[in-house]
Amino acid sequence: MAQGLDVPYFRPPAPEPRLEPHGLLGFLMAIRRNPLTTWTVRHFEERVLTGEGALGRMTVVNDPAIIRHILLDNVANYRKDDLQLRVLAPGLGRGLLTAEGDEWKLQRRTIAPLFTPRTVAGFFPAMVESANRLVQRWQRRSEGRVIDASLEMTRITLDVLERTIFTQGVSWDPDALGRAITRYFDGLGRIDPLDIFGMPAWIPRVGRWRARPAIRFFDEVVGELITSRKALLASGADAPRDLLTLLLEAADPETGRGLSDLEVRANIVTFIGAGHETTANALSWSLYLLSQDERARARIEHEVDEVLGDGAFAPEHVERLVYTRAVLEEAMRLYPPAPFLSRAAIADDRIGDLLIPGGSVVTIAPYVLHRHRTLWDEPDAFRPERFLPEERGRIDRFAYLPFGAGPRVCIGMSFAIQEAIVVLATIVRAVRLDLDPAHVVSPMHRITLRPEGGLPMRLSHRRGERAGSEAP
Ligand code: HEM
């Protein structure tokens with residue numbers, strides 16, 4: 001289907017699916033370099049694929065009804081698989097993302113009130129403030145200046161988290177914290193062959209070993225923050241109503257039990273780990289896709305100008321930015337920030353003709369699911385309209401999983417959507433970003449799905465301050 005009479009839809013870059021699966025060595029190398037390159041044509045065409053691979057028996061599921069069964073209807077029979085936990089737990093500890101069983105249930109119950117629509121709406125001013133500061137900094141730069149949009153998006157999502165988790169009281173250099181966080185997650189982000197084969201945790205993994213100083217620094221900072229905030233709360237003084245205070249005051253609605261210091265710390269690290277690069281990638285891909293599609297760019301600029309005008313960004317504007325939201329959702333369809341989910345079956349499970357043996361791994365890969373030939377019209381094309389209210393109803397809830405689904409659905413989903421809409425609309429109102437023509441864009445899966453080698457983009461100003469002196 002064409003966009004207009006003679007303007008085809010933009011088809012953004014993606015690795016060509018393989019005709020045949022890799023052999024063991026090739027698979028191990030590919031999974032370390034970029035797991036996106038391991039998918040085959042059959043994965044994008046078939047609803048269920050079962051095979052014995054390097055990781056044991058694995059079932060790749062692209063059938064929305066079966067996905068619903070695994071993530072929702074029979075969720076008690078599935079747990080997060082060992083590989084996922086081996087990769088994530090050393091960095092995140094036992095926070096909400098990596099906890100299991102009763103421990104998870106208790107944490108989820110206790111933490112859920114921190115992410116209700118009302119609490120998230122309370123973070124709106126911090127998000128607007130962060131976005132405004134970003135564009136003000138850009139507006140002081142000269143026309144045509146090249147920035148790394150991907151790095152800038154990582155910075156802004158980190159800034160939003162710092163403002164909403166800690167609010168204030170940062171006694172250390174914020175840049176040093178930012179660098180430590182980046183190094184921390186960079187070192188942990190690669191899948192190590194030692195993890196694939198289940199080697200004990202005491203055998204050093206190169207990435208993690210390199211990240212050790214950053215881990216120590218980051219742990220110290222978070223520990224110091226918890227101690228000083230607890231002292232403030234104990235003194236009866238007014239404490240900021242940020243996520244740290246909310247975590248320290250949180251109590252299980254059933255038992256009244258609060259979180260231990262270790263759980264508070266693990267969840268702060270988890271919110272940063274699960275919330276910054278994911279949101280940054282959704283934004284980076286949106287900016288990239290808009291830069292390649294004049295029609296979509298004109299439409300989003302028109303919407304943002306009409307809804308926001310020159311005035312202040314108000315909470316009620318978020319709902320009205322429907323095309324902006326559709327662009328973000330389409331960007332997360334084509335480039336899901338979390339491109340791979342997996343579960344291990346506890347006992348045998350039969351779904352129609354399909355048997356999932358106890359102990360085996362089930363993979364649900366949003367990257368594949370979102371481009372599946374049997375589920376989407378023009379699966380590889382950028383077409384935000386499919387997420388507009390008039391078309392959205394045609395998308396099966398279990399065919400589109402940027403935030404997962406079921407009881408373990410992303411707890412930060414409305415936080416992330418609100419933040420991404422605020423940041424994207426603020427950027428679109430102020431500037432245009434065009435890809436540096438010398439740069440080749442390519443998606444890289446490293447826990448999250450990011451543009452490999454960053455996203456060099458040229459700034460031009462739409463409104464607001466113009467370049468006078470160059471900002472740092
Ligand atoms: C665009 C941004 C985001 C995306 C695409 C995303 C994606 C996801 C996905 C797919 C899951 C489910 C994983 C699974 O089922 O295995 C998840 C879980 C989670 N996310 Fe997000 N996330 C985003 C932003 C955030 C933010 C901003 C936060 C916190 C501030 C956050 C915190 C979490 C936590 C704590 C979990 C674990 C929930 C549980 O297991 O109960 N995420 N996220």
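User: In this predicted model, how many cavities of 30 Å³ or more does the structure hold?
Analyst: A cavity is a set of grid points where a 1.4 Å probe fits but cannot get out. With a threshold of 30 Å³ or more, the number of cavities that the structure holds is five.

User: Which elements give two or more residues to the lining of the largest cavity?
Analyst: The largest cavity has a volume of about 90 Å³. Its lining includes Leu287, Leu290, Arg297, Ile300, Ile427, Val428, Val431 and Arg432. By class, the lining residues divide into seven nonpolar, one polar and three charged. The elements that give two or more residues to this lining are α14, α15, α20 and β9 (431-435).

User: How are helix α14 and helix α15 oriented where they pack, roughly parallel or roughly perpendicular?
Analyst: Helix α14 spans residues 261-292 and helix α15 spans residues 294-308, and their axes lie 5 Å apart at an angle of about 115°. Angles of 65 to 115 degrees count as roughly perpendicular. Therefore α14 is, relative to α15, roughly perpendicular.

User: Which residues in α15 do Leu290, Ser291 and Gln292 in α14 meet?
Analyst: The residues of the contact of α14 with α15 divide into three nonpolar, two polar and two charged. On the α14 side stand Leu290, Ser291 and Gln292, and their partners in α15 are Glu294, Ala296, Arg297 and Ile300.

How values were computed:
Residues are numbered from 1 along each chain as its sequence is written. This is a predicted model: local features need pLDDT of at least 70, side-chain atom pairs count only at pLDDT 80 or more; totals for chains, interfaces and linings use all residues. Side-chain values use heavy atoms; hydrogens and water are left out. Axes are lines fitted to C-alpha atoms, for helices over the stretch in contact, and angles run from 0 to 180 degrees between N-to-C directions. Helices (H or I, at least four residues) and strands (E, at least two) are DSSP runs, numbered from the N terminus. Angles under 35 degrees count as roughly parallel, over 145 as roughly antiparallel, 65 to 115 as roughly perpendicular and the rest as oblique. Contact means heavy atoms within 4.5 Å. Ala, Val, Leu, Ile, Met, Phe, Trp, Tyr, Cys and Pro count as nonpolar, Asp, Glu, Lys and Arg as charged, and the others, Gly among them, as polar. On a 1 Å grid over the protein atoms alone, a cavity is a set of points where a 1.4 Å probe fits but cannot get out, and a pocket is an open set with protein on both sides within 12 Å along at least five of seven lines; lining residues have an atom within 4 Å of a point. Grid points are joined across faces, edges and corners, and a volume is the space filled by probe spheres set on the points.
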